[in-house]
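This briefing guides the reader through selected features of one protein model. Please keep the sequence and the structure in view while reading.

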Amino acid sequence: ETESTIAIITKTNRDLERVIRFLELENIPVASERKINIFTHPAGNLFFTLVEYLADSANVEALAKTIVGGLWGLSFENVIMCTQALRSGKHGVAERIPGLRHIQHKLRGDGVLQFLLFVGTASGFVELITSDPGSVEVWRGIVELSEYLIREGDISDPRELLRQLLAYKASAEERSVKISVGTPEFRVRAMTAHGSKGL
């Protein structure tokens, strides 16, 4: 029998996500390209929660969410202890997280994009997402957005970048990055009707 290709064409990106998830669960190799919203994707949401805290250290709820979300490389016991302390209004939790102390120190330094990349590593975010290709692409999208904001706004202060990232998120309905799943030689190709045009 000849090698035939199967195309699965969906109406929406959400349907496409479901198809890809189903095929991956069934161990059926699938090739696809899809767009991911960097603000609503779990990895993007977690990173922007961290940005919210860094822009306003009084926002302890945001810090608690980053801890529960798996940042900072804390043990389970420390996660419980830190979140309870934050939610009961105790001070000094931030001082107990080495990565956070380093980031806050760098806020007064120079090199805006270097600061953002440092936040990604010092918070444990990059390590947390490396095993998921979609999350890695979301991080790439955040870095590209930051480069754009730095260039357009001639930003030289890391704190201004944090403010601009939050302002952009508040004003943008969506900021998508295109990610590829699988390789083109896979026999099953999944795409939206819009994405299938011209193929």
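Predicted model: local features only at pLDDT ≥ 70, side-chain atom pairs only at ≥ 80, totals over all residues.

Strand S2 gives 5 residues to the lining of the second largest pocket, the largest share of that lining.

- The space in the second largest pocket amounts to about 440 Å³.
- This pocket is lined by 21 residues, and those closest to its centre are Glu33, Arg34, Lys178, Met191 and Gly195.
- Two or more lining residues come from each of H1, S2, S3 and strand S4 (188-192).

**The largest pocket**

- The volume of the largest pocket is about 550 Å³.
- Its lining has 20 residues, of which Glu17, Arg34, Lys35, Ile36 and His41 are the closest to the centre.
- At least two lining residues are supplied by each of helix H1 (13-25), strand S2 (30-37), helix H8 (133-153) and strand S3 (176-181).
- In the lining of the largest pocket, 5 residues are nonpolar, 8 are polar and 7 are charged.

**The largest nonpolar core**

- The largest nonpolar core contains 55 residues, and the members that touch the most others are Phe47 and Trp72.
- Helix H2 (residues 42-55) provides 8 residues, the largest share of this core.
- When residues up to four places away in sequence are not counted, tryptophan 72 touches Leu50, Leu63, Thr66, Ile67, Ile97, Gly99, Leu100, Ile103, Ala122 and Ser123.

**Serine 123**

- Serine 123 belongs to the loop between helix H6 (112-122) and helix H7 (125-129).
- Is serine 123 buried or exposed? Serine 123 counts as buried because its relative accessible area is 0%, and the cut-off for buried is under 20%.
- Apart from neighbours within four places in sequence, serine 123 is in contact with Leu50, Leu71, Trp72, Ile103 and Phe118.
- The side chain of serine 123 also reaches the backbone oxygen of valine 119, at a distance of 2.7 Å.

**Serine 176**

- Serine 176 is located in strand S3.
- With a relative accessible area of 27%, serine 176 is partly exposed, because this class lies between the limits of under 20% for buried and over 50% for exposed.
- Which residues are in contact with serine 176, leaving aside its neighbours within four places in sequence? They are Lys35, Ile36 and Asn37.
- From serine 176 to lysine 35, the separation is 141 residues in sequence and 5.6 Å in space, C-alpha to C-alpha.
- The side chains of serine 176 and glutamate 174 are joined by a polar contact of 2.6 Å.

**Arginine 159**

- Arginine 159 has its place in helix H9 (residues 158-171).
- The relative accessibility of arginine 159 is 37%, so arginine 159 counts as partly exposed.
- Not counting residues up to four places away in sequence, arginine 159 touches Leu107 and Arg108.
- Arginine 159 and valine 51 stand 108 residues apart in sequence, and their C-alpha atoms are 9.8 Å apart in space.

Key: Residues numbered from 1 in each chain as written. Heavy atoms only, no water. Helix = DSSP H or I, 4+ residues; strand = E, 2+ residues; numbered from the N terminus. Buried < 20%, exposed > 50% of the residue type's maximum accessible area, 1.4 Å probe, protein only. Polar contact = N/O pair within 3.5 Å; in protein donor to acceptor, adjacent residues only side chain to side chain. Contact = heavy atoms within 4.5 Å. 1 Å grid on protein atoms, 1.4 Å probe; cavity = no way out; pocket = protein on both sides within 12 Å on 5 of 7 lines; lining within 4 Å. Points joined across faces, edges and corners; volume = space filled by probe spheres on them. Nonpolar A, V, L, I, M, F, W, Y, C, P; charged D, E, K, R; others polar. Core = buried A, V, L, I, M, F, W, Y, C linked by side-chain atoms within 4.5 Å.
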